[in-house]
Amino acid sequence: MRRTPKGKTRVIAKDLPGLNSLAFRGDGRLYVTQIGRADALWEVDPDGKKKPRQVLAAPGFLNGFEFGPDDRLYGPLLLKGQIVRVDVDTGKIEEVVGAS
């Protein structure tokens, strides 16, 4: 849901159980992850006009992420013990730091 300036709420995405982390990219695009009940990265339209777009399926529980200055999403894959960089346009994942 999202609150309007007048305090009303409206649904911008549904049927995505276990939503956890979220981050806005510099251009205003919104990304959310599912953790626990599901394992995925989604792009969600902040206005709720477009259906959510799945960027990644089963990446390994991407959590607590943020966009870097290169517009890539950086965060940990909890199940793999890695820090990764994600190109949200292509879905390509690159390991930045691996488990030792």
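Predicted model: local features only at pLDDT ≥ 70, side-chain atom pairs only at ≥ 80, totals over all residues.
Residues are numbered from 1 along each chain as its sequence is written, and side-chain values use heavy atoms, with hydrogens and water left out.

The protein has 0 helices and 10 strands, where helices (H or I, at least four residues) and strands (E, at least two) are DSSP runs numbered from the N terminus. Its radius of gyration, taken over C-alpha atoms, is 14 Å, which is close to the 13 Å that the globule rule (2.2 Å times the number of residues to the power 0.38) gives for 100 residues, so the protein is as compact as a globular protein of that length. Along the principal axes, the C-alpha trace spans about 50 × 30 × 20 Å. Of the 100 residues, 37% count as buried, a class that means under 20% relative accessible area, with exposed meaning over 50% and partly exposed lying in between (1.4 Å probe, protein chains only). The protein exposes about 6,200 Å², of which carbon and sulfur atoms supply 51%, and these accessible areas come from the Shrake-Rupley method with a 1.4 Å probe, where for residues only the protein chains shown count as cover.

Within this fold, 4 strands form an open sheet in the order S3-S4-S5-S6, with antiparallel pairing; two strands are said to pair if DSSP finds at least two bridges between them. Strand S3 (19-24) and strand S6 (53-57) are the edge strands, each of them pairing on one side only. Strand S5 (residues 40-44) is joined to S6 by 4 bridges, and the two run antiparallel; in one of these strands, S6, Ala57 is the bridge partner of Ala40.

A search of the whole structure finds 8 salt bridges, each defined as a side-chain nitrogen of Lys or Arg within 4 Å of a carboxyl oxygen of Asp or Glu. The side chains of Arg25 and Asp27 meet in a salt bridge at 3.0 Å, N to O; Arg25 is buried, with a relative accessible area of 10%, whereas Asp27 is partly exposed at 46%. A salt bridge of 2.9 Å, N to O, also forms between the side chains of Arg29 and Glu43. Arg29 lies in the loop between S3 and strand S4 (30-34) and Glu43 in strand S5, so this pair ties together parts that are 14 residues apart in sequence. Glu43, which is buried with a relative accessible area of 16%, forms a salt bridge with Arg53 as well, the closest N and O atoms being 2.9 Å apart. This pair links distant parts of the chain, with Glu43 in strand S5 and Arg53 in strand S6, 10 residues apart. Salt bridges that share partners join Arg25, Asp27, Arg29, Glu43, Arg53 and Asp89 into one network.

Phe67 lies in strand S7 (residues 66-67) and is buried, with a relative accessible area of 13%. Leaving aside neighbours within four places in sequence, Phe67 is in contact (heavy atoms within 4.5 Å) with Ala23, Phe24, Arg25, Tyr31, Arg72, Leu73 and Val88. By contrast, the C-alpha atoms of Phe67 and Gly48, 19 residues apart along the chain, are separated by 22 Å.
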